[in-house]
Amino acid sequence: MIKLENVSVLYNKKNLAVDDISLDVERGQFVGVIGLSGSGKSSLLKTVNLLVRPSKGNVYIQGTDIGLLRNDKLRDIRREIGFVFQDFNLVERSSVLENVLVGRLGYKSSLKSFFGLFDDTDYEIAVDALEQIGLKDKMFARTDQLSGGQKQRVAIAKTLCQKPKIILADEPVSSLDLSSAQVVMDYFKQINEKSQITIMINLHDVNLAKKYCSRIVALKDGKIFFDKEVGEIDDRELQELYEKNQQV
Ligand SMILES: Nc1ncnc2c1ncn2[C@@H]1O[C@H](COP(=O)(O)OP(=O)(O)OP(=O)(O)O)[C@@H](O)[C@H]1O
């Protein structure tokens, strides 16, 4: 589903954020990416949909080298890759439903009037997405009236409207308290299991990663420190991942 081949990200010709990473993620996997701040998690995740273009290496989605695609073909692929940001990326003054409908824009050819643009199917998909994340009753609420956890669920519903095969999530729960974070993670898990959507998620809370992900990729200084099924990870190597980094 996702294949990274010798991917590096170099910022400003001197800061090597991702250093020669190769990774294969199969359909339906729930992969957590962990590591200290600055270890390259965000940069790595953003190479998967080319939000960040690798300075070296190749990114394949379902066997296609997406770095070689022209704009329209890249747009088609990106439509199938949802991205959930830490800060929700919603229009606070708009309704929940309006925000969720934005997820359908990738299927529209032009930006006419916002509501004129959507047909019955779009509305059905949006309402269904809200139902999946338990917020159908909030559909007409203004987004700024929701809690942080609810806003992140709206962001997930917006992503579901894209009908994604892959969801990338960059620290989606790091601004939430633990119980809201767990609710959001529960929804990610449910979506992953029910729809077989492949999920790759950056988390700085190792316990959340261990609880929800099936596989964990640990990054250190832009390199893979380990890449294991959750059951194979021992606490000593986790300690090492964080302790050694702290000494640098
Ligand atoms: N747009 C950018 N321009 C220049 N340097 C950047 C840029 N984005 C990230 N970096 C640098 O690349 C390195 C890796 O950052 P990245 O955000 O990928 O790591 P991270 O593990 O996600 O950290 P955090 O959890 O703090 O976001 C850091 O040294 C960071 O300062």
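## Contacts and model

Residues 24 or more positions apart make up 69% of the protein's contacts with a separation of 6 or more; two residues are in contact if their C-beta atoms, placed from the backbone, lie within 7 Å. The model is predicted: local features need pLDDT of at least 70, side-chain atom pairs count only at pLDDT 80 or more, and totals for chains, interfaces and linings use all residues. Numbering starts from 1 along each chain as its sequence is written.

## Overall form

The protein has 8 helices and 10 strands, which are DSSP runs (helices H or I, at least four residues; strands E, at least two) numbered from the N terminus. Its C-alpha trace spans about 55 × 45 × 30 Å along the principal axes.

Of the 248 residues, 38% are buried, that is, with 20 or more other C-beta atoms within 10 Å of their own.

Beyond its neighbours within four places in sequence, V100 is in contact with A126, A129, L130, V154, A157, K158 and C161.

## Ligand shell

Around the ligand lie Y11, N12, N15, A17, G35, S37, G38, S39, G40, K41, S42 and S43, where a residue counts if its C-beta atom, placed from the backbone, lies within 6 Å. Elements giving two or more residues to this shell are β2 (15-25) and α1 (41-47). The largest share, 3 residues, comes from α1.

Methods
A residue is buried if 20 or more other C-beta atoms lie within 10 Å of its own, exposed if 12 or fewer, and partly exposed in between; C-beta atoms are placed from the backbone.
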